[in-house]
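Here is a short tour for anyone about to work with this model. Have the coordinates open and follow along topic by topic.

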Amino acid sequence: MNSKRVGIIGSGAWGTGVAQALARGGHVVQMYSHHDAVAKSVNEQHENTKYLPGYVLSPKVTVSTDIAEVADENDYLIIASPSLYVIDSVKKILNVPAVARGRTQIGVLTKGFVPTEAGPRLILDALEALLPDYYKHNIAYIAGPSHAEEVALGKLTGLITASENPKLAIDFRELLSVPGLMVYSSFDVIGVQICAAVKNVIAIVYGCLDAIAENSSIFGDNSESLLLAAGLNEIQTFGFAMGAKYAETFTSISGVGDLDVTCKSKYGRNRRFGRDIITTDILSHFKNLDDLITHISEIGYLPEGIVACKYVHQLAQERNVRLLICNGLYRILNREIEPEDFLTELLIKR
């Protein structure tokens, strides 16, 4: 394998996990972080003590606090900023020569939606509107059932690289085909993005049910499988309403695979947040969904499904799409209904 230089904008757990996987394949990876402490811990201790503690990183993984340096000096650039911050991150690299001139190939790990003056947009739509014209329909989206912790350890993981440019999808597939990663390519850019975003919404509800089921005479493992299947159906329904191309997207690792691991894995932040709604009454600290998003840093970890829920609700209303689970979570996070009342309404009193 030819060694490549890869820049990653963002140094959270997922970006760090991908960086370690790429380094395992012989690539040289430079991440960007605005935290001096992250740069210091990775560069000196070979560990991201803030976002992925306990995992020893390759010396081929370094961190810079200069975003222009990371964006300009690498063969590939991967955007890994959370959805709340991805637009601000990309605005900072627009004038970097490699980006301004279209010299670097860009891939995106960010999941969810971003607000614009025209309403919520999928990640790639929003980024293409910002980036130079060269990147129109020329960005790769990377997703799949992939928790950072297992990717960092090299445990077998499947990913999908989706792009409207077939060659670019294949280029990123080859870049990411390192020990521990099994990578496929797709042309269903919308479908793959919808799966990656909406599975986080379903996973919060799943976490609620998982916590309730521990002490319930009504709900159990069978109920959780029922919710999982219903959630996949909603993801597919919403995906086609948004312009997804292929039913196979939703039965692939991008759809059912990513949904399954996000709902069930001990590493899942959205599942964890759903459980915290029940076990710690975490929503009592917030007035409504908007207040929760404004103060999301107070949670202590970042469940992307919170933000995605707001925009899925808005987009579904605009398209007159009926999404019972997603709408139910919107009502829960907006403090309009209690989780157990909603789940009883959803699974029993339909």
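Predicted model: local features only at pLDDT ≥ 70, side-chain atom pairs only at ≥ 80, totals over all residues.

Residues are numbered from 1 along each chain as its sequence is written, and side-chain values use heavy atoms, with hydrogens and water left out.

**Positive phi**

- His 137 has a phi near 55°, a positive value in a residue other than glycine.
- His 137 sits in the loop between α6 (123-130) and β8 (140-143); helices (H or I, at least four residues) and strands (E, at least two) are DSSP runs, numbered from the N terminus.
- Asn 320 is not a glycine either, yet its phi is positive at about 55°.
- The loop between α15 (304-318) and α16 (324-333) holds Asn 320, which is exposed at 72% relative accessibility.

**The sheet**

- An open sheet of 8 strands runs in the order β3-β2-β1-β4-β5-β8-β9-β10, with mixed pairing; two strands pair if DSSP finds at least two bridges between them.
- At the edges stand β3 (61-64) and β10 (181-186); each has a single partner strand, so one side of each lacks a neighbour in the sheet.
- From one strand to the next the twist averages 25°, with axes as lines fitted to C-alpha atoms (for helices over the stretch in contact) and angles from 0 to 180 degrees between N-to-C directions.
- Strands β1 (residues 5-9) and β2 (residues 28-32) run parallel and are joined by 5 bridges.
- Within that pairing, Arg 5 stands opposite Val 28 in β2.

- Glu 149 belongs to helix α7 (residues 148-153).
- Glu 149 is buried but has no salt bridge, and the nearest side chain of opposite charge, Arg 269, is 5.5 Å away.
- A salt bridge here is a side-chain nitrogen of Lys or Arg within 4 Å of a carboxyl oxygen of Asp or Glu; Lys and Arg count as positive, Asp and Glu as negative, and His and the chain ends are not counted.
- Leaving aside residues up to four places away in sequence, Glu 149 touches Leu 52, Tyr 55 and Tyr 267, where contact means heavy atoms within 4.5 Å.

**Cysteines**

- The count is 0 disulfides, a disulfide being a pair of cysteine sulfur atoms within 2.5 Å.
- Cys 309 is in no disulfide, and the nearest cysteine sulfur, that of Cys 326, is 6.8 Å away.
- Cys 309 is buried at 1% relative accessibility, and Cys 326 is buried with a relative accessible area of 3%.

Methods. Buried < 20%, exposed > 50% of the residue type's maximum accessible area, 1.4 Å probe, protein only.
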